[in-house]
Amino acid sequence: MNIISKCVSILLLLLSWSACDGASFFLPTPNSSPQTDASYLQATGAGLNNGGFGMVRENGTRYHGGVDIKPVHVADDGEPLDSVFSITNGTVAYINDMDKFSNYGKYVIVVHDEFNLPVHTLYAHLNAINGNVRVGDQVAGGQLLGVMGRTANDYNIPSERAHLHFEIGLRLGNEENFQRWYGKCYGIDNPNHHGMWNGLNLVSFDPLPLLQNGFPSDMAEYVRKLPTAFVTRVHAQRIPEFLKCYPALQDGSVKEKDLCGYDVEWTWNGIPKSWRPHFSRKFSPQSPVLIYWDSQQVAAAVNFGSLTQNSKNEVFPGPRMLDVLEKILGN
Ligand SMILES: [Zn+2]
């Protein structure tokens, strides 16, 4: 370790604080004030809010699944210089070093498997990835993953809008289910370069509260308590790999031979955050049925596409929710 990296490590140690379970928590860049203002969020289009999470793009019609963090160190030629760090301990799940293969550009995904819900974090548009970091490596909170940049595939991020796109979320399907869905939607001639770590296989929640407050000690409870927008009843005779990966989202233990399906609670933006198993043979909806919705959240869910609504204001499962189920259940 050279003297510069030693100094950086000591500085990071001083800057870090502890999550409730003892895991060190760091901010992903040297920008040390995660606020909803222009000091932290980078406007990437017409207006500041575009850098925040949610339906913030194109007059509120397009979703942004993370936050865009503004650089604090910029070179004379305008290029960002900020280091990008893993926010807490985890395992490197995926590295994409080919900027033209994704609209995330070069990106790294870390799975935080020390928590009771092993959420992942995603660090995108990197200029360079730390060559010492490999898939499968354990990384500590504050460990260098790369350098902020503005890589992307088919669009240009101008230097004055350079940022780290940062997400926290869950992976939906396994390789097989996601690839089947991908091939159906995009055709077998359209290669999926990222396996199950393709951005289309990830769902995310607003990372800003966690950047402000640190990781909650009970991550599973945090996700399950995100507001429920609607509930669907789905048929399933096998425990999906999604729940084997995130068992804390399932109520109780399940014997597969008795399983008939689940009532799934969703957030407005299609996170299937709580799964209540059913064991009655009377319970056999072959296609997902909507059994509850929060009228206050219908507009947001319809705007996102997880629900649809007809001219009589009747509400139905929407395409983005059905896509999530297809990736998870492989139907
Ligand atoms: Zn972004």
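**Views of a predicted protein chain**

View 1. The chain holds seven helices and 19 strands, and along the principal axes its C-alpha atoms fill a box of roughly 65 × 40 × 40 Å. Because a compact globule with 331 residues would have a radius of gyration near 20 Å, the 20 Å found for the protein chain agrees with that expectation. Among the contacts in the protein chain with a separation of 6 or more, 64% are accounted for by residues 24 or more positions apart.

**View 2. Helix α7 and the residue just after it.** Helix α7 spans residues 319–329, and its buried residues are Met-321, Val-324, Leu-325, Lys-327, Ile-328 and Leu-329. Just after α7 comes Gly-330, where the backbone takes a positive phi of about 70°.

**View 3. Gly-305 in its loop.** The loop that holds Gly-305 lies between helix α6, residues 298–304, and strand β18, residues 307–309.

View 4. When residues up to four places away in sequence are not counted, Gly-305 touches Gly-318, Pro-319 and Arg-320, and helix α7 covers residues 319–329. Met-321, one of the buried residues of α7, is 16 residues from Gly-305 along the chain, and the C-alpha atoms of Gly-305 and Met-321 are separated by 7.3 Å.

Technical notes
Residues numbered from 1 in each chain as written. Predicted model: local features only at pLDDT ≥ 70, side-chain atom pairs only at ≥ 80, totals over all residues. Buried ≥ 20, exposed ≤ 12 C-beta atoms within 10 Å, placed from the backbone. Helix = DSSP H or I, 4+ residues; strand = E, 2+ residues; numbered from the N terminus. Contact = placed C-beta atoms within 7 Å. Rg over C-alpha atoms; globule rule 2.2 N^0.38 Å.
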